[in-house]
Amino acid sequence: QSIPLIHPQDHTYTLIIRLHHNVIKTGIRIMSLSYSRISLKDIAIKLGLDDTLDAEYIVGKAIKDGVIEATIDHQNGYMQSKEKIDIYPTKEPQETFHERIQFCLDLYTQSIKVG
């Protein structure tokens, strides 16, 4: 109990709280990528949360903030991750890469004209 009293004195308490939140968000993101469906009880256990209500709130906030793409089934008590679409068979990555290269070439051309 003496450790929590040290943190407000050395002004790291806010940093520790933010770090704790980031660790939990990262854990939820990893679980959403690893499991297509996981119970809120399992999430609470894996993250060391007090109960499933905490897990439900945190998962809901992560969904709202765009950290994960999932839905919560409140009635059955689980998180359902949305299926990821593989964009690599499409032309989208090639077009995006081409746009970036074109931007770099244009920037180079403009810098040569100025210099």
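**Exercise 1. What share of the contacts in the chain with a separation of 6 or more is accounted for by residues 24 or more positions apart?**

Solution. A contact means heavy atoms within 4.5 Å. Residues 24 or more positions apart account for 39% of the contacts in the chain with a separation of 6 or more.

The basis of the values is as follows. The model is predicted, so local features need pLDDT of at least 70 and side-chain atom pairs count only at pLDDT 80 or more, while totals for chains, interfaces and linings use all residues. Residues are numbered from 1 along each chain as its sequence is written, and side-chain values use heavy atoms, with hydrogens and water left out.

**Exercise 2. State the secondary structure of the chain and the share of buried residues.**

Solution. Step 1: helices (H or I, at least four residues) and strands (E, at least two) are DSSP runs, numbered from the N terminus. Step 2: the chain has five helices and three strands. Step 3: read from the N terminus, the elements follow the order α-α-β-α-α-β-β-α. Step 4: a residue is buried under 20% relative accessible area, exposed over 50% and partly exposed in between (1.4 Å probe, protein chains only). Of the 115 residues in the chain, 19% are buried.

**Exercise 3. Describe how the strands are arranged, and determine which strands stand at the edges of the sheet.**

Solution. Step 1: two strands pair if DSSP finds at least two bridges between them. Strand 1 (residues 37–39) runs antiparallel to strand 3 (residues 78–81), and three bridges join them. Ser 39 stands opposite Tyr 78 of strand 3.

Step 1: strand 2 (residues 70–73) also pairs with strand 3 in the antiparallel sense, over four bridges. Tyr 78 in strand 3 is the bridge partner of Asp 73, and Met 79 in strand 3 stands opposite Ile 72. Strand 2 and strand 3 form a hairpin with four residues between them, and Gly 77 in the turn has a positive phi of about 75°.

**Exercise 4. Identify the buried and exposed residues of helix 3 and what covers the buried ones.**

Solution. Step 1: Leu 40, Ile 43, Ala 44 and Leu 47 of helix 3 are buried. Seen down the helix axis, these buried residues fall within an arc of 100°, so they line one face of helix 3; the arc is that of the directions from the helix axis to the C-beta atoms.

Step 1: the exposed residues Lys 41 and Ile 45 lie on the face of helix 3 turned away from its buried side.

Step 2: the cover over the buried residues of helix 3 includes helix 2 (13–34), strand 1, helix 4, strand 2 and strand 3. Gly 27 is found in helix 2 and counts as buried because its relative accessibility is 16%. Between Gly 27 and Leu 47 there are 7.1 Å in space, C-alpha to C-alpha, although they are 20 residues apart in sequence.

Step 3: Gly 48 follows helix 3 and has a positive phi, near 70°.

**Exercise 5. Classify the packing of helix 3 (residues 40–47) with helix 4 (residues 52–65), and list the residues in contact.**

Solution. Step 1: axes are lines fitted to C-alpha atoms, for helices over the stretch in contact, and angles run from 0 to 180 degrees between N-to-C directions. The two helices pack at an angle of about 95°, with their axes 8 Å apart.

Step 1: angles under 35 degrees count as roughly parallel, over 145 as roughly antiparallel, 65 to 115 as roughly perpendicular and the rest as oblique. Helix 3 and helix 4 are therefore roughly perpendicular to each other.

Step 2: Leu 40, Lys 41, Ile 43 and Ala 44 of helix 3 meet Thr 52, Ala 55, Glu 56 and Val 59 of helix 4.
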